[in-house]
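Take a look at the sequence and the structure below. Then read on for a short tour of how the parts pack.

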Amino acid sequence: MLEMSVQNPPTNFPGPIDPSVLYEQEQHISSAIWEGQDRGTLRCHEHTSKIDGWKLTKKQIDLVGKAGFGYFRLIGQVSLNNPLISALVERWRRETNTFHLPSGEITITLDEVVRILGLRVDGEAVVRDNSVVGSNTEICETLLGKAPNSDAKEIKGGMVKLGWLKENFSECPEDASNEEVERRTRAFLMYLVGSTIFATTSGNLVPLLYLPLFKDFDKAGNYAWGAAALAFLYRQLGKASMKSQGTISGSLTLLQCWSYFHLNIGRPELKQDLSHRFPLALHWKGRLNTQTKSDVVMYRQKLDSLDSSDIDWTPYKDLDSSSIPENFRGDLTLGRSRTILLCMDKAEWHLPDRCLRQFGLHQSIPKDVQRRETKNNEVDNELDMSKRMDSELQEWSNRWQNIVDVVEDGDGTDESEYTTWYSNITRKLVHRRAFAPSQFQESVSEMMKIQEIAYAASTEDLNMKNKLAFEKIKALVDRYLANRVEGFKVLEKRKRSSESSQNDEEPLN
């Protein structure tokens, strides 16, 4: 049996050569795209178009601030660039919770959630609160003062319609009782998280699981909402990166603004310097002078051609730190915490050691990541979270003991070892420059699979006769692809073993 080898792959081989890290490559969208099955632009779900229609009183604004959303509520609607988001998703790998760019990994870290969204990332994990008992309608009656009508389809499977919340609670009378003010504020907070950081693909619905967390506004302010938002986004990015998916949800405002700071791809022009504003998502609020939007293929090509020098690894280093409220500044250190992020039934690794350049450090080969289970690692909502997520909760409680400070090997000045390692484990290319005509596409796709297997195989244990036969097979596959589809040519063919290079019977070495 032929052994896999990392030596001498063709230069158009997209990777990974070593599949030990990106072990889900066959299910990843980049495999489908490479084979000509382009799903195009994702359907992006954030439901912020009507969020500015809520009229909050001063008492409500104070309660929203107590609950931890005082700065976040200012962001409102940010226009989404769906093709850009779609191209970024194609570079996301849920095996590592990072974007795999040609020159290295990069990700959204906890400190960036603080800066961009104005949400605290330190505090208690956002998990289910069982202190409020009863059915969904009973919980709504207790905390909102009224319940949605199931016959009118205002509630569905433990989720309530955002439209029902807005219709019934969006305006609070000035003379409302304190109880009524609290009820309407809880409804606003449900609408806020359901349309932004916890937006789902279910069609303007928000899970009622979050409602008990807003029973006590002071207690709500102690939750790590920003860490939960990042866990939720990581999970949605992972799902959307699979070839079977066509939608994405979660805080796409966070994803897009993060991209604008790190990558000059599809970035709008700013009318003025807003570096003093907090949170930083306010840079991109409202209508901006945008570059001409490209389609997903154009963004895909740009990401494929990115060099390390094209990436702003540390975009916040020159920003005025005094613009960050004092009670947020301590949270920034958690950007370097190798920990687990929690959001209800979702547990996701936060791995800054894979992206040390984002902290001004030289990158070393990171630690291995625990393999994701075959199932999607989500805990059944009906089960006791305290029993099923003990290890994850313990990991989060140790977040301050797991701060990544420096590289662990050598003096941290030479990244050549990392570069070699990364080139073998990553997926270098997503875009394929040209595709075969439709009548040849299936046969070409299969032939390309054969080519990839052949160039990743070692002939070391074969005798000379079989080696020559194997090399002849590779030459025939190369010639087949080169003759039929422009752009499928095999680069850097190996030199022929004899002077009679024109003889079709002579194999390549």
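## The nonpolar core

The largest nonpolar core has 112 residues, and Phe 69, Leu 165 and Tyr 210 touch the most other members. A nonpolar core is a set of buried Ala, Val, Leu, Ile, Met, Phe, Trp, Tyr and Cys residues joined through side-chain atoms within 4.5 Å; buried means under 20% relative accessible area (1.4 Å probe, protein chains only). Helix α9 (residues 225-240) gives the most to this core: 11 residues. Helices (H or I, at least four residues) and strands (E, at least two) are DSSP runs, numbered from the N terminus.

This is a predicted model; local features need pLDDT of at least 70, side-chain atom pairs count only at pLDDT 80 or more, and totals for chains, interfaces and linings use all residues. Residues are numbered from 1 along each chain as its sequence is written, and side-chain values use heavy atoms, leaving out hydrogens and water.

## A three-stranded sheet

Three strands form an open sheet in the order β6-β7-β8, with antiparallel pairing. Strands pair if DSSP finds at least two bridges between them. β6 (155-156) and β8 (205-207) stand at the edges with a single partner strand each, so one side of each has no neighbour in the sheet. Three bridges join β7 (residues 159-161) to β8. Met 159 has Pro 207 in β8 as its bridge partner.

## Two crossing helices

The axes of helix α4 (residues 110-117) and helix α10 (residues 252-262) come within 10 Å and cross at roughly 100 degrees. Axes are lines fitted to C-alpha atoms, for helices over the stretch in contact (heavy atoms within 4.5 Å); angles run from 0 to 180 degrees between N-to-C directions.

Methods: Buried means under 20% relative accessible area, exposed over 50%, partly exposed in between (1.4 Å probe, protein chains only).
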